[in-house]
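Here are some friendly notes to read alongside the model. Take them in order, with the structure open beside you.

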Amino acid sequence: MSNYPLLDTINSPEDLRRLPEDELPEVAEELRGFMVESVSKTGGHLSSSLGATELAVAIHYVFDTPRDRIIWDVGHQAYAHKILTGRREQMATLRRHHGLSGFPKRNESEYDAFGTAHSSTSISAALGMAVADKLKGDDRWHVAVIGDGALTGGMAIEALNDAGVYKKDVRLLIILNDNDCSISPAVGALSGHLAKIVSTRAFNGARELSKKVLKPVPGLWEVAKRMEKQAINFVSPPSGIFSSFDINYYGPVDGHNLEELVDILRNLKAHDCPIVLHVTTKKGKGYAPAEADPTTYHGVSPFDPAVGIVPSGKPSKPTFTQVFGRWICDTAARDERLYGITPAMREGSGLVEFEKKFPDRYRDVAIAEQHAVTYAAGLACEGMKPVVAIYSTFLQRAIDQVIHDVALQNLPVVFAVDRAGLVGADGATHHGAFDVALLRPIPNMTIMTPSDENECRLLLNTAFAMDTPTVVRYPRGKGTGVEVTADAETVEVGKARVLRRGKGRVAFVGFGPMTHMLAEVAEHLDGTLLDMRFVKPLDREALLEAAEEHDLVVVAEDSALEGGAGSAVLEVLVEAGVTVPVMRFGLPDRFIEQGTQAELHEELGLTAAAVEEKVKARLATMKKSPFGGLFGR
Ligand SMILES: Cc1ncc(C[n+]2csc(CCOP(=O)(O)OP(=O)(O)O)c2C)c(N)n1
Ligand SMILES: CC(=O)[C@@H](O)[C@H](O)COP(=O)(O)O
Ligand SMILES: [Mg+2]
């Protein structure tokens with residue numbers, strides 16, 4: 001007998017809509033059981049999806065999906081949606097190479113109305129769709145489901161400001177899924193504001209009470225519900241932030257009460273203007289360990305659901321993130337000007353210890369990358385030495401702030417850019433592919449690429465010692481596992497280090513961890529190997545010398561080839577009039593999907609074996625000159 005008798009009958013939302021309403025809570029229960037079982041095997045974003053289970057059921061039950069559109073902000077809470085929309089079997093491949101994406105994706109399903117993964121985009125996208133429908137005379141609904149954390153992102157507020165001007169023919173329902181939690185505990189004034197609304201508006205209680213009183217009298221509860229349909233703000237007085245944008249607000253409502261949710265969504269559908277429905281939910285709902293610790297269960301690796309996540313007691317080599325975490329604590333202890341900033345990624349960026357030790361010099365600014373950067377600029381103007389710890393992919397949000405607020409004023413802000421290169425299971429939305437190409441043209445900027453953990457500390461020291469803007473970019477996970485012996489030492493700015501001098505025909509030029517991949521090839525071909533350390537300024541001298549002494553230059557980086565470090569090498573060689581052949585290895589000009597980092601490196605030919613084969617093939621095409629030089633250049 002199946003553990004999921006109802007889910008077994010649901011292959012699409014149409015199947016769900018055929019069920020009687022009183023079976024929906026059981027559907028939600030089965031969904032939760034299935035999610036815990038499945039995600040415990042694949043890993044993934046568990047606690048947010050558990051919390052949004054009833055929302056997914058109620059929305060698909062009431063709205064005519066896929067005709068009506070649902071946009072899941074961030075999309076990390078959309079597993080129930082995936083399961084209800086015919087992807088239950090594929091959940092076994094979630095976030096795996098060639099498997100189901102961890103996020104909604106337009107080319108994965110017609111039910112995924114908009115691709116998400118970076119936060120705070122849902123209201124803008126849903127509004128765009130709703131306005132397009134208005135112009136086309138279509139009456140579809142557009143539902144943006146946005147968390148309290150995602151609402152802190154500037155884009156969400158910009159979108160509310162725009163949405164508030166539409167009074168009819170724009171069917172935009174914004175469901176604020178308020179679990180009073182981001183990845184780490186909720187921060188900021190908006191979170192306080194929402195908490196105040198929840199604690200002072202006993203809306204749901206009042207509705208429940210009216211229901212109790214009115215239901216026994218034949219017809220009265222139906223009349224009351226019809227009235228509710230007519231006057232959204234009648235039962236629920238206007239709420240601060242949403243009324244400021246002149247948007248109708250309804251709530252707060254218990255987001256785990258399916259009967260209420262279905263009733264209310266049906267009523268809201270009677271309107272044709274932007275509406276906010278504020279629901280309260282519990283992150284991790286239904287799986288006790290996740291309810292108790294939603295942060296740990298936000299994003300999980302495979303675990304035993306009967307036991308929960310158990311920290312491995314074994315001491316292990318630190319990740320780059322942990323090297324950064326230790327560095328920032330040590331450096332803050334030495335220099336009281338250091339101020340650490342994270343846009344809502346305290347755990348992922350390795351700042352938990354730093355917050356504990358230096359609470360006055362730590363700030364989680366919420367999901368606000370642009371603010372994080374300009375806030376750092378302000379601190380730097382007044383003599384502080386800010387360190388912005390930020391994922392490469394999220395820094396994309398704040399490139400103008402880096403240019404206009406930091407670099408143009410040549411302010412000493414250190415950008416500790418984590419998750420640079422391929423991140424793995426999060427896939428195309430999260431790979432740190434573009435930071436080098438985006439940052440390299442910016443004047444005053446120094447960009448460093450540590451090749452291992454010890455280099456990471458050395459280059460962070462170097463960055464912190466400078467009084468201009470600096471970037472140190474390092475990858476997700478571990479490097480070579482080398483001992484971190486550097487303490488406060490620095491290196492010479494713009495100088496590469498020669499790791500190997502070879503007599504072979506090839507000079508290998510490495511940026512970041514790719515240097516160690518090249519080391520193996522250099523060994524086999526007796527090549528010279530440079531660890532460039534700096535993308536900007538590039539060590540021209542070392543490069544030109546290597547080019548002069550070898551027949552072929554091979555460059556490898558873990559960032560986009562277009563505009564990347566290899567391009568910088570080409571610029572130097574061309575400008576110096578050196579015409580040595582160059583081979584570049586890095587991320588090609590396409591979006592790269594998910595997989596383990598190793599699988600993706602394999603797929604892209606970024607392994608020592610693949611590089612060696614290509615280099616040998618190239619050398620074979622290059623004839624040796626009888627006089628010692630090369631014909632093939
Ligand atoms: C622009 C951006 N910054 C940071 C993140 C990382 N991130 C993913 S989910 C999340 C928290 C979102 O909180 P909320 O919207 O309340 O959803 P919950 O996790 O509580 O379900 C963060 C910070 C992101 N995806 N996008
Ligand atoms: C959804 C999201 O943006 C984050 O939860 C992200 O998946 C975290 O990535 P790491 O696991 O690399 O910290
Ligand atoms: Mg939340």
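Predicted model: local features only at pLDDT ≥ 70, side-chain atom pairs only at ≥ 80, totals over all residues.

1. Let us look at the helix itself. H6 covers residues 122–136, which makes 15 residues. From first C-alpha to last, H6 reaches 21 Å, close to the 21 Å expected at 1.5 Å a residue.

2. Several residues of H6 are buried: Ser122, Ile123, Ala125, Ala126, Leu127, Met129 and Ala130. As for their cover, it includes strand S1 (69–72), strand S2 (142–147), helix H7 (154–163) and strand S3 (172–178). A reminder for reading such a list: an α-helix has 3.6 residues a turn, so residues three or four places apart point the same way.

3. Now for the core. The largest nonpolar core holds 169 residues, and the members touching the most others are Val143, Val388 and Val509. Leaving aside residues up to four places away in sequence, Val143 touches Ile59, Phe63, Asp68, Arg69, Ile70, Ile71, Ala126, Leu173 and Ile175. Among these contacts of Val143 is Ala126, one of the buried residues of H6.

4. Next, the overall layout. The protein chain has three parts: domain 1 (7–292), domain 2 (320–473) and domain 3 (497–621). Between domain 2 and domain 3, the C-alpha centres are 26 Å apart. Where these two meet, 25 residues of domain 2 are in contact with 29 residues of domain 3. On the domain 2 side, helix H20 (435–439) and strand S10 (446–448) are the elements giving two or more residues. That side of domain 2 has 13 nonpolar, seven polar and five charged residues.

5. Ligand 1 has 21 residues around it, and the closest are Ser48, Ser119, Gly147, Gly149 and Ala150. Its shell is made up of ten polar, seven nonpolar and four charged residues. Domain 1 (7–292) and domain 2 (320–473) each supply at least three residues to the shell around ligand 1.

6. Where does ligand 2 lie? Ligand 2 lies between domain 1 (7–292) and domain 2 (320–473), because both give residues to its shell. The residues around ligand 2 are His45, Val74, His76, Ile183, His298, Gly299, Gly348, Arg419, Val423, Asp426 and Arg476. By class, the shell around ligand 2 has five polar, three nonpolar and three charged residues.

Technical notes. Residues numbered from 1 in each chain as written. Chains lettered and ligands numbered in written order. Near = placed C-beta within 6 Å. Nonpolar A, V, L, I, M, F, W, Y, C, P; charged D, E, K, R; others polar. Domains from an automatic or database assignment. Core = buried A, V, L, I, M, F, W, Y, C linked by C-beta atoms within 7 Å. Buried ≥ 20, exposed ≤ 12 C-beta atoms within 10 Å, placed from the backbone. Contact = placed C-beta atoms within 7 Å. Helix = DSSP H or I, 4+ residues; strand = E, 2+ residues; numbered from the N terminus. Expected span 1.5 Å × (residues − 1).
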